[in-house]
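I would ask you to look at the structure first, and then I shall walk through several of its side-chain arrangements.

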Amino acid sequence: MAKIYKKTSGNGSIALYLGKRDFVDHVETVDIVDGVVKVDPAELEGRKVWVYLACSFRYGSDDLDLIGMNYRKDIWIKRQQIYPVVGTKPANTPMQEALLKKCEDQGHAFTFNIDNNLPCSVGLQPAPEDVGKACGVDYEVKAYIANEADDPDEKINKKDTCRLIIRKIQFAPGTIPAGPQADISKNFMMSDKLVHLEASIEKELYFHGDPIPVKVKINNETAKVVKKIKITIDQTTEVLLYQTDKYTKTVLNEEFAEEVKGESTLEKTFTVIPLLSNNKEKRGLAVDGRLKDEDTNLTYTTVQKFGGILVDYKIKVNLLVSSGGLLGGLTASDVGVELPLVLMSPKPADV
């Protein structure tokens, strides 16, 4: 195994082992979460060892917990008793067999199946001055020592627990459809002539960090002047957890000084690249779920819309049309179209 993820409880009695922390949602199915808990029964004092997998939504900062407010809501949770062993267990996976060798006779395997209608891991980017964990959806595997699996009257000491954050992620499908096209024709006051705008992208889906060529065709039949072309990409995030909350943030905004005089045409391709690195200051921007402080991307377009945090992207192409002359800028108006955009990460060869 290339890497093993391990967390040990404060008292050293239990240790949680995972062979990976990214679990892929294949739309129809989700990778099983298979791991091992190492148990030293000497300090259990008659208590049991449990493990749970929880999908939770964090909607506040750690500071709220200090004043007694719950800043975390469990969307879905499953629990298993690890020690003493009860019932029958499914056959061990190759990952578990490798982990059990490291734990010798103190290892106990566990397996969870994540429902495929649960949201993927998504973080909402904090502002630079914010501290603590970011808001968003995350998944946590936690092993703990307790008398009962979930007794509200039993207080579990932090030293009797160990946990690892994991991610439920999606990758781009194997086939990518052709891209969308949009067009509009607009006339202006005191004129029966039109400005025609057509915009298109070659394919429906682009990978994070890849250049996106936007093809623009303009046919200006009027006497007015197209002064510039503006291309923006908006991320719309809809939170369907604690309440319905929908907002849009611009992740790319570029202007091109392309002038199209009256009774003339233009056909040109403009290349844009939406990057999280250019949007680090924007609070609430949806990003891929982080593990610790690693680099991440703008989150991917939501493929299944069961709930959670839904994310869509749109490319907007706008023309600034002016009457020309000294007052042209004061009498300018927009002509614009929108194109849906899917942003995702490529599927690795071993997935």
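Let me begin with a definition: a charge counts as sitting over a ring if NZ of Lys or CZ of Arg is within 6 Å of the ring centre and within 35 degrees of the ring normal. In this model, which is a predicted one, K142 meets that criterion, lying over the face of Y144 at 5.8 Å from the ring centre.

Now to the overall architecture. The protein has 351 residues, of which 44% count as buried. Its secondary structure consists of 2 helices and 20 strands. If we take the contacts with a sequence separation of 6 or more, 68% of them are between residues 24 or more positions apart.

I turn next to the aromatic residues. How many aromatic pairs are there in the model? The count is 3. One of them joins F110 and F112, in a tilted arrangement with 5.7 Å centre to centre and 55° between the planes. Both F110 and F112 are buried. Another tilted pair is formed by F256 and F270, at 4.7 Å centre to centre and with 45° between the planes. Here F256 belongs to strand 16, residues 244-256, and F270 to strand 17, residues 264-272, so the pair ties together parts that are 14 residues apart in sequence. F256 and F270 are likewise both buried.

The loop between strand 16 and strand 17 deserves a word as well, for it holds E258. Is E258 buried or exposed? E258 is buried, with a relative accessible area of 19%, and the cut-off for that class is under 20%. The E258 side chain makes a polar contact of 2.4 Å with the side chain of K268. Leaving aside residues up to four places away in sequence, E258 touches V226, K227, K228 and I229, together with L266, K268 and F270. F270 is thus a contact of E258 and also the ring partner of F256.

Finally, the cysteines. A disulfide is a covalent bond between the sulfur atoms of two cysteines. The count in this model is 0 disulfides. Why does C120 form none? The closest cysteine sulfur to that of C120 is in C55, and the distance of 9.4 Å is too far for a bond. C120 is buried, with a relative accessible area of 11%, and C103 is buried too, at 2%.

That concludes my presentation, and I welcome your questions.

Note on methods
Residues numbered from 1 in each chain as written. Predicted model: local features only at pLDDT ≥ 70, side-chain atom pairs only at ≥ 80, totals over all residues. Heavy atoms only, no water. Disulfide = S-S within 2.5 Å. Buried < 20%, exposed > 50% of the residue type's maximum accessible area, 1.4 Å probe, protein only. Helix = DSSP H or I, 4+ residues; strand = E, 2+ residues; numbered from the N terminus. Contact = heavy atoms within 4.5 Å. Phe/Tyr/Trp six-rings, centres within 6.5 Å; stacked < 30°, edge-to-face > 60°. Polar contact = N/O pair within 3.5 Å; in protein donor to acceptor, adjacent residues only side chain to side chain.
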